[in-house]
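Thanks for coming. I have one structure to go through today, and I will keep it short. Please have a look at it first.

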Amino acid sequence: RLFGHLKRNGFDLESTHITAGFKLEKLFGLVVLAFLFSFGWGSYLRRTGVKTNAASKRKSVFRLGLEDILRRLQIPPGKREISPELREFQNWIGTSQFTSIFLV
């Protein structure tokens, strides 16, 4: 799953045209962490039934999580407080459910 999302289904790493080994290592490390966050959050959304419309059921767990995280991180200009949706994501990161994605 990870390989497909690194190539075309999510991150499109070929378009970076990076060839330096040390830069690729850092990029891969960052992208793999982003994949784990997205996959874990998408799994949480599916398990809890938060996203249950027909369009979200057709999406992969990764895509569901990635799109939802990106949507939650968009803060309107001039707004300084954290939205309840972003707070929910932050709380998930601090729970044991988040750490379980690394054991699977």
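One term before the details: a residue is called buried when its relative accessible area is under 20%. This is a predicted model, and that holds for everything that follows.

By that cut-off, the buried residues of α4 are V61, F62, L64, G65, L66, D68, I69 and R72. The helix itself has 13 residues. From first C-alpha to last, α4 reaches 18 Å, close to the 18 Å expected at 1.5 Å a residue.

Now the chain as a whole. Of the 104 residues in the protein chain, 25% are buried. The accessible surface comes to about 7200 Å², and carbon and sulfur atoms account for 59% of that.

Which residues make up the largest nonpolar core? There are 8 of them: W41, Y44, L45, L64, I69, L86, F89 and W92. At least two residues of this core come from each of α2 (21–48), α4 (61–73) and α5 (84–93).

What does W41 touch, leaving aside residues up to four places away in sequence? The contacts are G65, D68, I69, R72, E88, F89 and W92.

Last, contacts over the protein chain. Taking those between residues at least 6 apart in sequence, 47% join residues at least 24 apart.

Technical notes:
Residues numbered from 1 in each chain as written. Predicted model: local features only at pLDDT ≥ 70, side-chain atom pairs only at ≥ 80, totals over all residues. Heavy atoms only, no water. Core = buried A, V, L, I, M, F, W, Y, C linked by side-chain atoms within 4.5 Å. Buried < 20%, exposed > 50% of the residue type's maximum accessible area, 1.4 Å probe, protein only. Helix = DSSP H or I, 4+ residues; strand = E, 2+ residues; numbered from the N terminus. Contact = heavy atoms within 4.5 Å. Expected span 1.5 Å × (residues − 1). Areas by Shrake-Rupley, 256 points an atom, 1.4 Å probe, with all protein chains shown as cover.
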